[in-house]
Amino acid sequence: KGLSLLFSVCIYFCNGWEYPCTYTSSNGDYFDFSPLSDCSQNGYQVQGNGAIYQVNICNGLTANLTAAVTQTTTNGFGQIDYYNSGLAESVKFSDDPSGKGVVMTYTEGDATGCSSPRSSSFSFICDETVDNMQIRSTGESTQCTYNFEITTKYACPISPSSAQLNLCPVNVYVVPHTHDDVGWIWQIDKLYT
């Protein structure tokens with residue numbers, strides 16, 4: 001009987017899955033936030049409102065691959081509570097209502113203890129002198145909607161031709177295996193007769 005060899009290709013999401021990270025404002029300004037994405041998926045730690053937040057821009061976090069923002073708090077019993085405060089795939093951009101920049105919002109987080117699912121909103125502030133970013137928590141605008149300010153040179157508009165898309169690498173694993181076993185070649189009724 002002939003040998004059949006089948007290759008399976010798996011894209012491994014634990015390192016390198018990245019979500020949309022550019023935005024063109026309503027007045028035509030172009031922004032590229034991809035250099036702020038942490039490809040190691042450890043993200044950035046921010047403290048505020050009695051919680052510790054892990055944040056990754058345009059990417060998931062190692063602790064919860066689908067979350068771009070997580071919140072860790074200690075409850076009244078001394079136990080640590082951990083919440084997804086915004087899915088990476090839910091990222092949406094909008095013009096800042098003040099007209100000074102861009103707002104990035106993550107939605108569809110955990111609803112535990114909230115009247116609606118948790119979400120996180122990031123207001124980007126342009127400062128050419130800040131190479132990476134400075135991030136701070138600015139509180140909750142409504143219950144379970146967490147607000148942050150990010151000051152960075154990447155919040156300054158650029159021309160699309162000067163964009164330096166810094167995409168994280170995607171690991172691709174090729175796993176060879178065969179279906180040259182008796183169970184593959186023979187049907188179930190032939191195995192037991």
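Me: How do the lining residues of the second largest pocket divide into nonpolar, polar and charged?
Reply: This is a predicted model. The second largest pocket has a volume of about 160 Å³. Its lining has 14 residues, and Asn27, Asp29, Gly99, Lys100 and Gly101 lie nearest the centre. The lining divides into 5 nonpolar, 5 polar and 4 charged.

Me: Which residues have the most contacts inside the largest nonpolar core?
Reply: This core has 29 residues. The residues with the most contacts inside the core are Phe33, Ile57, Met104, Phe122 and Phe124.

Me: Leaving aside neighbours within four places in sequence, which residues is Ile57 in contact with?
Reply: Ile57 is among the core residues with the most contacts inside it. Beyond its sequence neighbours, Ile57 is in contact with Cys21, Phe33, Leu36, Ser37, Met104, Tyr106, Phe124, Met133 and Ile150.

Me: Is Ser121 buried or exposed?
Reply: Ser121 lies in strand 10. Not counting residues up to four places away, Ser121 touches Val103, Met104, Thr105, Tyr146, Asn147 and Phe148. Buried means under 20% relative accessible area. Ser121 has 14%, so it is buried.

Me: What does Cys58 count as at its relative accessibility?
Reply: Cys58 is in the loop between strand 5 and strand 6. Its phi is positive, about 60°, although Cys58 is not a glycine. Its relative accessibility is 0%, so Cys58 counts as buried.

Me: And what does Glu108 count as at its relative accessibility?
Reply: Glu108 is in the loop between strand 9 and strand 10. Its phi is positive, near 65°. Its relative accessibility is 48%, so Glu108 counts as partly exposed.

How values were computed. Residues numbered from 1 in each chain as written. Predicted model: local features only at pLDDT ≥ 70, side-chain atom pairs only at ≥ 80, totals over all residues. Heavy atoms only, no water. Core = buried A, V, L, I, M, F, W, Y, C linked by side-chain atoms within 4.5 Å. Buried < 20%, exposed > 50% of the residue type's maximum accessible area, 1.4 Å probe, protein only. Contact = heavy atoms within 4.5 Å. Helix = DSSP H or I, 4+ residues; strand = E, 2+ residues; numbered from the N terminus. 1 Å grid on protein atoms, 1.4 Å probe; cavity = no way out; pocket = protein on both sides within 12 Å on 5 of 7 lines; lining within 4 Å. Points joined across faces, edges and corners; volume = space filled by probe spheres on them. Nonpolar A, V, L, I, M, F, W, Y, C, P; charged D, E, K, R; others polar.
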